Amino acid sequence: MNKKLAAALSGGAVLVLVLSGCSDDGDKVNDWAKSFCDQAKPQIQKRADAHQIIISTAADSRPAEIQAADSKAFKDIADADRALAKAVETAGVPPVENGEQTQKDVIAELNATAVAYDALKKQVDALDPSNQQKFAEGLKDVADGLTKIEKMDQNALATLENGELGQAMAKQPGCQKPTPSVPPTGSASPKPGSTATPSASTTPKAKPSASAE
């Protein structure tokens, strides 16, 4: 597994971290936060589940299984990002300074991130799982792409975490960090090309969990 890919996947909670802010004043701000977070909750859960699927599948890591897991995960995250963009649109203009521009920027970033995940899915789908060496090499390219998308994810909702709005969102149940609903599959050692995020459940017996470079 490539270290860059592991690092990128470890940023899978970025969306949730962006939504965790610090109390707020004003009914309008609270109302906007509730409207968005109520819609965002299933999408945040979907993203968390997608990353857990990658980790869990990598524990048993046959290339074909990794490919299928990554492909589904990238599609799920792309779909979730589009739904989050729609949630920002539906919630209306945030009641903050430059709210209209903030809304436009966030929607654009989320949609762009979704497109990037779609491209990453196509890239994974095009890999040949019958050749482990080439498959592992291909995942390195995927890792590079995922690292760039992670930065886009960080920027997508960053402007919403500032000030009162971020504080209001932090209080909403819908914007809290979710628990993945996909259970881990055990502690088997990742094989070459694994995309697992380093964790207690996916640590290889012979090598560090991000050792395939």
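Helices (H or I, at least four residues) are DSSP runs, numbered from the N terminus. The model is predicted, so local features need pLDDT of at least 70 and side-chain atom pairs count only at pLDDT 80 or more, while totals for chains, interfaces and linings use all residues. Residues are numbered from 1 along each chain as its sequence is written, and side-chain values use heavy atoms, with hydrogens and water left out.

View 1. Two aromatic pairs are counted, where rings of Phe, Tyr and Trp (its six-membered ring) pair if their centres lie within 6.5 Å, with planes under 30 degrees apart counted as stacked, over 60 as edge-to-face and the rest as tilted. The ring centres of tryptophan 32 and phenylalanine 36 are 5.6 Å apart and their planes are at 15°, so this pair is stacked. Both tryptophan 32 and phenylalanine 36 are buried (under 20% relative accessible area, 1.4 Å probe, protein chains only).

**View 2. The aromatic pair between helix 4 and helix 5.** Phenylalanine 74 and tyrosine 117 form a tilted pair, 6.0 Å centre to centre with 40° between the planes. Phenylalanine 74 belongs to helix 4 and tyrosine 117 to helix 5, 43 residues apart, and the pair thus links distant parts of the chain. Phenylalanine 74 counts as buried at 1% relative accessibility, and tyrosine 117 counts as buried at 3%.

**View 3. The largest nonpolar core.** A nonpolar core is a set of buried Ala, Val, Leu, Ile, Met, Phe, Trp, Tyr and Cys residues joined through side-chain atoms within 4.5 Å. The largest has 22 residues, and Trp32, Phe36, Val88, Leu110, Leu160 and Met169 have the most contacts inside it. Two or more residues come from each of helix 3 (27-58), helix 4 (63-91), helix 5 (99-125) and helix 7 (163-171). Helix 3 gives the largest share, seven residues. Another core, of 18 residues, lies apart from it and includes Ile66, Ala78, Phe135 and Ile149.

**View 4. Glutamine 172.** Glutamine 172 lies in the segment after helix 7 and, at 12% relative accessibility, counts as buried. Leaving aside neighbours within four places in sequence, glutamine 172 is in contact (heavy atoms within 4.5 Å) with Asn30, Ala33, Lys34 and Cys37.

**View 5. Packing of helix 5.** The buried residues of helix 5, among them Gly99, Thr102, Gln103 and Val106, pack against helix 4 and helix 6 (132-156).

How values were computed: Buried means under 20% relative accessible area, exposed over 50%, partly exposed in between (1.4 Å probe, protein chains only).
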